[in-house]
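Subject: Handover of a structure and notes on its features

Dear colleague,

Please find below the structure that I am handing over to you. My notes on it follow directly after.

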Amino acid sequence: MTGLLVLGTAALAGVVPSCSGDLTLNPAVYENFTDTLQIWAASGTPVYLPSAYLIASKRAVRLDQLTYFDFIYDITPEGEHVLLPLGAVANTGRTTGNPGLLPTTIPFDSILVAEQTGYLTTDTLRIRVGDTFYARSQVSSSCFLGIPYYAKLQVLGVNDEDRSLWIQVLSNINCGYRGLEPGLPKK
């Protein structure tokens, strides 16, 4: 039994750095930064253009190369611009841990920490230039805590001619952190 106790204690060493009894996170190692990128509508555009965003990799992704993503951009037949979390497009088979979006009236630069609840995971969200959202990833296997990563995004512009969307996004891929400011997160 002693061997099991030692192994358990070693496994906790990455989460509990001292004997104080408080659970703390390992120091953040990935810097947060704001990126501006273009995403094309999932329908009516060539398949080689990225139509989705994956928070864990901080990039726009092509739908023909991945079976998972956090949200996609599309234009409805009525011409409305929309974002759809994974659960609005496909049945994930999960009742929890799905990626989601949460609209907010807080300006992009004023969002400092991600919300933990209230994310829309199966809804189509109509968007306009200037709209701001919190974003939550699916539960990532690269986060040993089994929790999602968080991001914030703002719609910067749409182009109806080439069916694309411009967004600015800041993704925090530090396991257990929700801080959404540039630099190494502290929260």
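Predicted model: local features only at pLDDT ≥ 70, side-chain atom pairs only at ≥ 80, totals over all residues.

Sheet

An open sheet is built from five strands, arranged in the order E3-E2-E4-E5-E7 with antiparallel pairing. Its edges are strand E3 (59–61) and E7, each of which pairs on one side only. Within this sheet, E4 and E5 run antiparallel and are joined by five bridges. Tyr73 has Leu83 in E5 as its bridge partner. In general, the strands of a sheet pair through backbone hydrogen bonds, in either a parallel or an antiparallel manner.

Salt bridges

How many salt bridges does the structure hold? There are three.

The salt bridge between Arg62 and Asp64 has its closest N and O atoms 2.7 Å apart. Both partners are partly exposed: Arg62 has a relative accessibility of 24%, and Asp64 has one of 40%.

Arg126 forms a salt bridge with Glu80, and here the closest N and O atoms are 2.9 Å apart. Arg126 is exposed, at a relative accessible area of 56%, whereas Glu80 is partly exposed, at 29%.

Asp131 and Arg128 also meet through their side chains in a salt bridge, at 3.9 Å from N to O. The two ends of this contact are placed in contrasting surroundings. Asp131 has a relative accessible area of 17%, which is under the 20% limit, and therefore counts as buried. Arg128, with 62%, is over the 50% limit and therefore counts as exposed.

Aromatic and charge–ring contacts

A search of the whole structure returns two aromatic pairs. One of them is formed by Tyr119 and Tyr150, whose rings are tilted, with 6.3 Å from centre to centre and 40° between the planes. Because Tyr119 lies in the loop between E6 and E7 while Tyr150 belongs to strand E9, the pair ties together parts that are 31 residues apart in sequence. Tyr119 is buried, at 9% relative accessibility, and Tyr150 is buried as well, at 6%.

A contact of another kind involves Lys152, whose charged end sits over the ring of Phe108 at 4.6 Å from the ring centre.

A buried loop residue

Is Asn98 buried or exposed? With a relative accessible area of 8%, Asn98 is buried, and its place is in the loop between helix H2 (86–89) and strand E6 (100–104). Asn98 and Gln138 are separated by 40 residues in sequence, yet their C-alpha atoms are 4.8 Å apart in space.

Yours sincerely

Key:
Residues numbered from 1 in each chain as written. Heavy atoms only, no water. Helix = DSSP H or I, 4+ residues; strand = E, 2+ residues; numbered from the N terminus. Buried < 20%, exposed > 50% of the residue type's maximum accessible area, 1.4 Å probe, protein only. Salt bridge = Lys/Arg side-chain N within 4 Å of Asp/Glu carboxyl O. Pairing = 2+ DSSP bridges. Phe/Tyr/Trp six-rings, centres within 6.5 Å; stacked < 30°, edge-to-face > 60°. Lys NZ or Arg CZ within 6 Å of the ring centre and 35° of its normal.
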